Amino acid sequence: MLMGILFCICLVTSNLLGTKIVQLGNFSMTAGFIVFPISYILNDCIVEVWGYRQARLVIWTGFLMDFFVVALGGIACMLPAAPFWEGGEAFEFVFGLAPRIVFASLMAFLTGSFINALVMSRMKIRDRGHRFAWRAIASTLLGEGADSLVFFPLAFGGLMPLGELLKLMVLQVTVKTLYEIIALPLTVRVVGYVKRLEGVDRYDENISYNPFKIGEL
């Protein structure tokens with residue numbers, strides 16, 4: 001439950017932080033990168049301990065909470081501001097996200113998260129529970145890759161040269177995967193601790209990987 005709550009908070013926070021562009025050396029990217037990879041680490045932990053079906057429920061819950069916050073932000077932007085309030089422009093800059101960006105973000109999240117969970121689950125069965133570090137990195141690389149392949153064309157296709165779009169995609173995947181690698185020692189310890197605490201180490205034998213079977217727990 002706690003990991004699920006933190007997962008949802010990370011998704012909402014990444015959208016809000018994404019309104020700021022930061023400079024890292026010669027590269028620019030959204031500030032959301034500092035929190036978004038945490039959701040993949042949490043996804044890895046949930047799949048590793050409780051299995052794909054529980055991860056599926058958490059992913060859809062995160063999707064709905066993200067949409068809920070975006071929708072409420074849009075409604076708040078449409079409400080008339082008090083005449084003495086001077087923060088309208090800044091508020092709309094943060095919460096008045098363009099529909100195209102919102103759609104791209106939500107679709108990319110679903111695609112990347114489910115691929116991440118699927119890869120983690122199948123590799124755990126294949127490796128008989130060994131080599132957690134390797135499957136955590138591999139699942140993040142594929143999940144983040146799918147996320148970028150969906151998000152950038154949907155969000156910025158036709159708005160920037162194809163070469164620049166490809167650079168952004170590669171940069172996002174690289175930085176977020178490095179983030180996962182750096183955090184890996186902590187992730188391994190957390191997973192080990194939770195397994196001992198919960199007494200659970202589930203293998204997804206004979207389950208449906210259909211992302212829409214939300215009620216199957």
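Select Asn206 to begin: this residue lies in the segment after helix H7 (162-198). Helices here are DSSP runs of H or I with at least four residues, strands are runs of E with at least two, and both are numbered from the N terminus. The phi angle of Asn206 is near 55°, a positive value in a residue other than glycine. Asn206 counts as exposed because its relative accessible area is 82%; the classes are buried under 20%, exposed over 50% and partly exposed in between, with a 1.4 Å probe and protein chains only.

The model is predicted, so local features need pLDDT of at least 70 and side-chain atom pairs count only at pLDDT 80 or more, while totals for chains, interfaces and linings use all residues. Residues are numbered from 1 along each chain as its sequence is written, and side-chain values use heavy atoms, with hydrogens and water left out.

Next, select Arg128, in the loop between helix H5 (99-126) and H6. Arg128 also has a positive phi, near 55°, and is not a glycine. Its relative accessibility is 67%, so Arg128 counts as exposed.

Move on to Trp134 in helix H6 (residues 132-156). At 45% relative accessibility, Trp134 is partly exposed. Leaving out residues up to four places away in sequence, Trp134 touches Met123, Arg126 and Asp127; contact means heavy atoms within 4.5 Å.

From Trp134, go to Val69, which is 65 residues away in sequence and 34 Å away in space, C-alpha to C-alpha. Val69 is one of the residues lining the largest cavity; select also Val12, Asn15, Leu16, Asp66, Val70, Gly73, Val94, Phe95 and Leu97. Helices H1 (2-17), H3 (52-78) and H4 (88-95) each give two or more residues to this lining. On a 1 Å grid over the protein atoms alone, a cavity is a set of points where a 1.4 Å probe fits but cannot get out, and lining residues have an atom within 4 Å of a point. The largest share of the lining, four residues, comes from H3. The space in the largest cavity is about 70 Å³, a volume being the space filled by probe spheres set on grid points joined across faces, edges and corners.

Finish at strands E1 (residues 21-24) and E2 (residues 27-30), which pair in the antiparallel sense over four bridges. Pairing requires at least two DSSP bridges between two strands. Select Gln23, whose bridge partner in E2 is Ser28. Two residues lie between the strands of this hairpin, where Gly25 takes a positive phi near 65°.

How values were computed:
On a 1 Å grid over the protein atoms alone, a cavity is a set of points where a 1.4 Å probe fits but cannot get out, and a pocket is an open set with protein on both sides within 12 Å along at least five of seven lines; lining residues have an atom within 4 Å of a point.
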